[in-house]
Amino acid sequence: MPDFFDPIDYLTYLRRNWKFAAIAIGTAVGLTAIACFALPKQYTATATLLIEPPSGMDPRGATAVSAIYLESLKAYEQFAASDSLFERAREKFHLEEGSATESLRRRVVRVLKLPDTKVLQIRVTLTDPKQAQALVQFLAEETAALNRSVAKQSEHEALAEVRSQVAEAGAQVARAREQFNAADAAGAEGVLADEVRDLTDLKGRLNEQLAEASTTLAELSARAAVQSNGFAPADSRESLQQEIAGARARETALKGQIATVNRDVSSKAAALAAARARADRSRDDLRAAETAFEAVSRRANDLAGPTGLRTEQLRIIDPGIVPQQPSFPNLPLFTALALLISAMLCLAWLSLRYGLEQQRVRSARSEFKVARSGGR
């Protein structure tokens with residue numbers, strides 16, 4: 001007879017042994033229920049806080065919250081999960097005195113920022129439901145207060161820093177204005193401009209005089225040439241030579257004066273350009289210092305506004321209620337698990353017994369066939 005699995009036979013076997021399965025499953029469920037009633041009940045109270053964006057944020061940008069920003073909000077879990085805060089709560093509510101603060105906090109308090117949200121939950125598990133609710137409300141209120149304190153302290157530090165920047169910018173403005181006023185009061189630019197203008201006018205007049213002297217010298221030279229070809233008296237020629245010598249001396253003197261005036265004009269023009277450059281530089285420095293002072297002053301005015309406008313705020317939206325049902329042990333869950341596990345174990349045990357019995361039956365049939373073959 002070939003070996004094969006007969007489902008009808010298997011189901012018949014399970015039906016014959018249903019009492020064993022019922023007793024085993026009932027015993028497992030009953031023991032689980034008894035254990036649930038015997039174990040000390042623990043109650044979990046939950047408080048919910050909302051992490052609000054800074055009030056000063058652009059409302060158009062507040063709606064475009066990125067996943068990176070939401071992930072960064074996990075840092076607020078440390079506000080509620082700090083050991084110092086739990087130590088104060090422990091002293092206030094007289095929690096277990098014998099255990100360490102860190103281990104007790106990990107066992108009693110759980111802080112969780114819900115994924116992809118701005119919601120922070122604080123869960124407290126204790127044997128007393130009223131104490132659990134009072135403790136979780138205390139932790140939520142102190143967490144919000146701690147966040148406000150940290151935000152206020154950081155804003156005060158930022159305000160002190162920007163006030164020092166305002167003072168420094170004001171000092172720079174005063175120095176720049178002092179330099180600008182000193183340069184303007186000296187009047188060097190106006191004096192030099194007048195001197196350059198006077199020297200330019202003098203140079204023009206000297207050039208006119210030089211032109212006249214050159215013209216006179218040319219006329220005298222021409223007369224001397226005419227007299228040298230004719231018969232002029234000796235006195236007349238001598239007088240003409242003296243006039244020519246005087247004209248040459250005047251021309252030479254005028255050229256020397258013009259060269260001196262040119263040098264003076266060049267030096268005064270360079271000094272005027274330098275004075276104008278200094279004036280422009282001091283004016284630009286004053287304008288830049290005033291611009292920087294205005295920018296820092298605007299920032300100081302913004303920081304001097306109401307606190308909490310530039311950092312996230314923790315707002316309690318649900319302080320929690322006194323839990324009515326225990327979170328541990330969970331009787332429906334544990335009995336359902338006991339039912340499922342015991343049913344699976346019973347099925348596995350009966351399947352194993354069925355397989356062993358089928359193997360013995362097949363072995364007996366094989367021996368019987370062998371015996372009959374030998375008898376023949």
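Me: How many bridges pair β1 with strand β4 (residues 313-318)?
Reply: This is a predicted model: local features need pLDDT of at least 70, side-chain atom pairs count only at pLDDT 80 or more, and totals for chains, interfaces and linings use all residues. Helices (H or I, at least four residues) and strands (E, at least two) are DSSP runs, numbered from the N terminus. Two strands pair if DSSP finds at least two bridges between them. β1 and β4 pair in the antiparallel sense, and the number of bridges is five.

Me: How many bridges join β1 to β3?
Reply: β1 covers residues 43-52 and β3 covers residues 119-126. Ala47 faces Ile122 in β3. Leu50 has Val119 as its bridge partner there.

Me: What is the order of the strands in the open sheet?
Reply: Strands of a sheet pair through backbone hydrogen bonds, either parallel or antiparallel. Here four strands form an open sheet with antiparallel pairing. β2 (109-113) and β4 each pair on one side only, as edge strands. The order is β2-β3-β1-β4.

Me: What is the average twist from one strand to the next?
Reply: Axes are lines fitted to C-alpha atoms, for helices over the stretch in contact, and angles run from 0 to 180 degrees between N-to-C directions. From one strand to the next, the twist averages 25°.

Me: At about what angle to β2 does helix α7 run?
Reply: Helix α7 spans residues 101-108. This helix lies across β2 and β3. Its angle to β2 is about 60°.

Me: Is Thr127 buried or exposed?
Reply: Thr127 sits in the loop between β3 and α8 (129-186). Contact means heavy atoms within 4.5 Å; Thr127 touches Lys41, Gln42 and Tyr43, leaving out residues up to four places away in sequence. Buried means under 20% relative accessible area, exposed over 50%, partly exposed in between (1.4 Å probe, protein chains only). At 54% relative accessible area, Thr127 is exposed.

Me: How far apart in space are Thr127 and Pro40, C-alpha to C-alpha?
Reply: In sequence, 87 residues separate Thr127 and Pro40. In space, C-alpha to C-alpha, their distance is 7.3 Å.

Me: Is Gln133 buried or exposed?
Reply: Gln133 lies in helix α8. Beyond its neighbours within four places in sequence, Gln133 contacts Ala45, Pro319, Gly320, Ile321 and Val322. With a relative accessible area of 12%, Gln133 is buried.

Me: Is the Tyr76 and Phe79 pair stacked or edge-to-face?
Reply: Rings of Phe, Tyr and Trp (its six-membered ring) pair if their centres lie within 6.5 Å; planes under 30 degrees apart count as stacked, over 60 as edge-to-face and the rest as tilted. The structure holds five aromatic pairs. For Tyr76 and Phe79, the centres are 5.3 Å apart and the planes at 20°, so the pair is stacked.

Me: Is the Phe328 and Phe334 pair stacked or edge-to-face?
Reply: Phe328 is partly exposed at 35% relative accessible area. Phe334 is partly exposed at 25%. Their ring centres lie 5.9 Å apart with planes at 75°, so the pair is edge-to-face.

Notes: Residues numbered from 1 in each chain as written. Heavy atoms only, no water.
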